[in-house]
Amino acid sequence: LQRMTQRHLASAFFEWADTLVARREREEIAAQQQRAWDSKIVKAERFILAMRNRCISGAFICWEGNWQHARGQRRKLQTCLTRMTQRALYSCVSAWVAAVDQLKQQRVIVRR
């Protein structure tokens with residue numbers, strides 16, 4: 001009777017031990033799968049970050065080119081406006097000088 005009880009207890013113990021080993025194996029497999037998944041997530045995050053940085057860099061380079069172009073256009077426009085202003089001033093001064101010369105000539109004619 002004692003042997004039968006021991007066998008029964010031993011088989012229950014061995015079943016419990018097998019269940020425990022199987023559970024540990026399942027947990028280890030699940031942990032490996034989780035680590036693999038986490039590794040893939042980290043790679044994807046790095047890839048997305050690299051793409052984002054590439055896009056930001058491209059946008060900055062494009063903005064800088066546009067800014068350089070606008071600065072050049074602004075300089076050309078400023079030069080053109082300066083010349084136009086100087087021409088307008090010159091034409092006004094020139095017209096005044098011509099008017100003064102004509103007035104002098106008319107005074108000379110009137111005095112004769």
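Okay, let's start on the surface. Phe 60, Ile 61, Trp 63 and Trp 67 form a nonpolar patch there, and together they have about 460 Å² of accessible area. Keep in mind as we go that what you're looking at is a predicted model.

Where does Ile 61 sit? It's in helix H1, which covers residues 2–111. And is Ile 61 buried or exposed? Exposed, because its relative accessibility is 53% and the cut-off for exposed is over 50%.

Now zoom out to the whole chain. How many helices and strands does the protein chain have? One helix and zero strands. Have a look at the overall dimensions too: the C-alpha atoms fill a box of roughly 165 × 15 × 5 Å along the principal axes. If you had a compact globule of 112 residues, you'd expect a radius of gyration near 13 Å, but this chain has 48 Å.

Take Ser 57 and Leu 9, which are 48 residues apart in sequence. From C-alpha to C-alpha, they're 71 Å apart in space. Ser 57 is in helix H1 as well, and it counts as partly exposed, with a relative accessible area of 36%.

So what share of the 112 residues counts as buried? The figure is 0%. As for the accessible surface of the protein chain, that comes to about 10,900 Å², and 62% of it belongs to carbon and sulfur atoms.

On to charges. In general, side chains of opposite charge can pair when their charged atoms come close. How many salt bridges do we count here? Two.

One of them joins Glu 27 and Arg 23, with 3.4 Å between the closest N and O atoms. Why do those two line up? They're four residues apart in helix H1, so about one helical turn separates them. Glu 27 is partly exposed, at 46% relative accessibility, and Arg 23 is partly exposed too, at 44%.

Another salt bridge brings together the side chains of Arg 35 and Glu 28, at 3.5 Å from N to O. Glu 28 has 40% relative accessibility, so it counts as partly exposed.

To wrap up, here's what I'd like you to find on the screen: the one helix, the nonpolar patch with Phe 60, Ile 61, Trp 63 and Trp 67, and the salt bridges, Glu 27 with Arg 23 and Arg 35 with Glu 28. Thanks, everyone!

Terms used. Residues numbered from 1 in each chain as written. Predicted model: local features only at pLDDT ≥ 70, side-chain atom pairs only at ≥ 80, totals over all residues. Heavy atoms only, no water. Helix = DSSP H or I, 4+ residues; strand = E, 2+ residues; numbered from the N terminus. Rg over C-alpha atoms; globule rule 2.2 N^0.38 Å. Buried < 20%, exposed > 50% of the residue type's maximum accessible area, 1.4 Å probe, protein only. Areas by Shrake-Rupley, 256 points an atom, 1.4 Å probe, with all protein chains shown as cover. Patch = residues over 30% accessible without salt bridge, like charges linked within 9 Å, V, L, I, M, F, W, Y side chains within 5 Å. Salt bridge = Lys/Arg side-chain N within 4 Å of Asp/Glu carboxyl O.
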